[in-house]
Structure formats: C-alpha cells, structure tokens
Amino acid sequence: MPNRLDQQVEQFNAALAQVTTAEALYELEVAYVGKKGSITLLKGEMGKIPPAERKAFGAAWNRVRDAIEAALEQRRDFIKGEARARDLERIVDLTMPPLRPPQGSLHPLTQTRRRLSETFIRLGFDVAVGPHIEGERFNFDDLNVPKDHPTRDMQDTFFIEAPRMHGLTPDGPAMQELVLRTHTSPVQIRTMRTRKPPIRIVAPGATFRCDDDATHSPMFHQIEGLYIDEGVTLADLKATLMAFTEDFFGHRLEVRFRPSFFPFVEPGAEFDLGCPFCRGSGCSLCKGSGFIEIGGCGMVHPKVLSACGIDPEIYTGWAFGFGIDRMTMMLHRIPHLRLMFEGDIRFLEQFPC
Ligand code: PHE
C-alpha cells in the first residue's frame, strides 16, 4: 500500500507538469483527489493493511493529499496569472502612441509679450517692470503732464481712494493720490531715477483706463521702450524700430513718423510700420494704406530727464510705447478685442505654444 501511494504521487507530479489549462487541471484534480480519484480510493483500501501499519499509513495519506491540494492550488494561480497576462497583451497595445493628457497653453497676449521682450533683449535692451498701482507723480507729474491735462480726468483714469486709510504708501516721496497706471511710461521714471545712462529698457505690462467699448478694454497692455545716453537722436529710434521689425516679423518693414504730441516727449510722433501682411502694397488689414498705426514715440522731454536727476545738457534719449493687445490681434487676425479677455477655452485652444 505505501508503495502504491508513492507511485500515485509520482504519476500525479508528472501529469501536473504537463498541465497548461484550467480544464486539464480540473480533470487531474478529479482523477486523483475527486470522489473516485485514485488517491481517494486508496484510503478506502486501508482495511486491507495490517492494523499495526494503519496509523502510519493514515498519516502518510493525509500528508500526500495536503501536498497534492497545495500543488493544484499553486498551479491554478499560475495558469490564472498567465491567462491575465495574455488578456492584457491583447487589450494593451504597447506599440500605440500614448494618449496626451490635456495641456493648457500660454495666452496669446503672453506669447506676444514674451516675443516682444525677446526681440528687444536681442537688440540689447533690458526688461524693466513697475507696479500697476502707481503714484500720480510717476504716472503724470514727472512725465510733464500738466495738472489740468484731460488724461488726468476721472473719465480716463482710475483713481484709488484714500490710500492713507488702507495703510498704503506709494514709493514716491510725498503722500499722493494713487492711480491704476494709465500707461507704461511711469516705468521710464522709475528706471531713470534708479539707473545711470546708458539706459536701454523695454517695459511691458498691464495698463488701465476708464474705457470700455467694442474696441477698448479697461485693462489693456503696452510695451514701453527707453534709450538714454550721450548723443542719442531720433535717427537711433528709427533704426531701432526698423531692426525690431526685422527680428519680430522676419523682414524689415518701413517705419513712418507722424508729428504728434505727448507731454513727455519733444518732438513727439506717432509711428506706423509698413504692413507686415502685404509689405506695403495695400491689403484689407492696412485698409489699402500699406501702413499700420502702432504707437507713440519721441525724444524724452528735458523736463522729464531733469525730474529724474539726469542732466539734459549731457544726455538725450528717446521713448516709445505701443499696445500689445492690438499687435496680438493683428498677428492672429483676431476680430474682437473682447475675445482676448473672456477666457473662453475654445478661443484659447487655438493658440498652442
Ligand atoms: N504713453 C503713451 C501712451 O500711452 C505712448 C508713448 C510712450 C508716447 C512713449 C511717447 C513716448 O499713449
């Protein structure tokens, strides 16, 4: 009897090694430890062995049955694992390109602002910044804007009430009225007060005016340019703007000055660039004129230099300022200013970067 038990175990082990499917494993289980399995039946034959050996045989039989059951269990897990791996291979195609997680992009305005800064950095300018909340002094007084100038009007400027009560003090010396800066020109003042010529900066940023209609937003963006040194002339300004067009638009455009007035420059001008789309031959974007109005510029007024502690007898300089919003609209042919500030994802998605 014990011999037959050993024989059965050997046979079982050999058969188990061949089993690769759940069905075959089940058949093997039935054949050995099922109701009529060969191991099960051996137990029924216990009566045939001498009583003295029965106890030892019983213990041996139990061990064999436990071992077989453990081996079956292990094999079952193995087969299951293999089947799962096969399924996964079928479902997950490792050669497929991965799904892209949804990704945001920079606002078109931010993209333009950065490109503008990068262009001017290449031309030798630093990027300067100033606060959105500005003292009247830097926003108007030191820029030679008369006290009764219409831009100071409540209609155009956002004044900030009672700074004292809010514990705010502007960085100007005396207590003064605060405004949301109406242009980036106060960054000229901040820069000239803290740096010595030669000064070459651009200052991009948000600006604010009480304007709100189809073509104006109360918050908009400008970029200021400032160059101060000995012997700087309007010719330098024109050359710089032309070099700017070459880098920014990829080809040199014409620069046209039209005499104009800003209190902080003398002479002052508005400047136009040759239309970057038709290169001057006339198209719908430049309304056939071949030029596009860009912004204001001029030679920094001696009074402004003096207000900042720069001697106008020694130094001269020029400044320019233009809108980034309109430039962005032109570059991407965006039809309405509103679109830029509504945060509509369907609009923003069209400007991947
Ligand atoms: N600050 C002016 C504006 O907002 C633009 C400008 C800047 C004009 C520098 C001349 C020189 O309209």
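Predicted model: local features only at pLDDT ≥ 70, side-chain atom pairs only at ≥ 80, totals over all residues.

Are Glu-134 and Arg-190 buried or exposed?

1. Both residues, Glu-134 and Arg-190, are buried. They form a salt bridge in which the closest N and O atoms are 2.8 Å apart.

2. A search of the whole structure gives 19 salt bridges. Another of them joins Arg-137 and Asp-142, with 3.0 Å between the closest N and O atoms. Arg-137 is partly exposed because its relative accessibility is 23%, whereas Asp-142, at 8%, counts as buried. Salt bridges also link Glu-136, Asp-141, Lys-147 and Arg-152 into a network.

3. In helix α4, Glu-73 and Arg-76 are 3 residues apart, so about one helical turn separates them. Their side chains meet in a salt bridge, at 3.2 Å from N to O. Glu-73 has 40% relative accessibility and therefore counts as partly exposed. Arg-76 is partly exposed as well, with a relative accessible area of 29%.

4. The ligand is surrounded by 14 residues, and the closest are His-183, Ser-185, Arg-209, Gln-222 and Glu-224. A nitrogen atom of the ligand lies 3.0 Å from a polar side-chain atom of His-183. For Ser-185, a side-chain N or O atom is 2.9 Å from a ligand nitrogen. The side chain of Gln-222 has an N or O atom 2.9 Å from an oxygen atom of the ligand. On its own the ligand has 320 Å² of accessible area, and the protein covers 90% of that.

5. By class, the shell around the ligand consists of 6 nonpolar, 6 polar and 2 charged residues. Strands β6 (219–229), β9 (291–300) and β10 (316–323) each supply at least two residues of this shell. The most come from β10, which gives 3.

6. Glu-45 sits in the loop between α3 (38–44) and α4. Its relative accessibility is 17%, so Glu-45 counts as buried. The side chain of Glu-45 makes a polar contact with that of Arg-4, at 2.9 Å.

7. On the surface, Leu-88, Ile-91, Val-92 and Leu-94 form a nonpolar patch, with about 460 Å² of accessible area together. Leu-94 is located in the loop between α4 (51–91) and α5 (108–122). Leu-94 counts as exposed because its relative accessibility is 77%, and the cut-off for that class is over 50%.

Notes:
Residues numbered from 1 in each chain as written. Heavy atoms only, no water. Patch = residues over 30% accessible without salt bridge, like charges linked within 9 Å, V, L, I, M, F, W, Y side chains within 5 Å. Areas by Shrake-Rupley, 256 points an atom, 1.4 Å probe, with all protein chains shown as cover. Salt bridge = Lys/Arg side-chain N within 4 Å of Asp/Glu carboxyl O. Helix = DSSP H or I, 4+ residues; strand = E, 2+ residues; numbered from the N terminus. Buried < 20%, exposed > 50% of the residue type's maximum accessible area, 1.4 Å probe, protein only. Polar contact = N/O pair within 3.5 Å; in protein donor to acceptor, adjacent residues only side chain to side chain. Near = heavy atom within 4 Å. Nonpolar A, V, L, I, M, F, W, Y, C, P; charged D, E, K, R; others polar.
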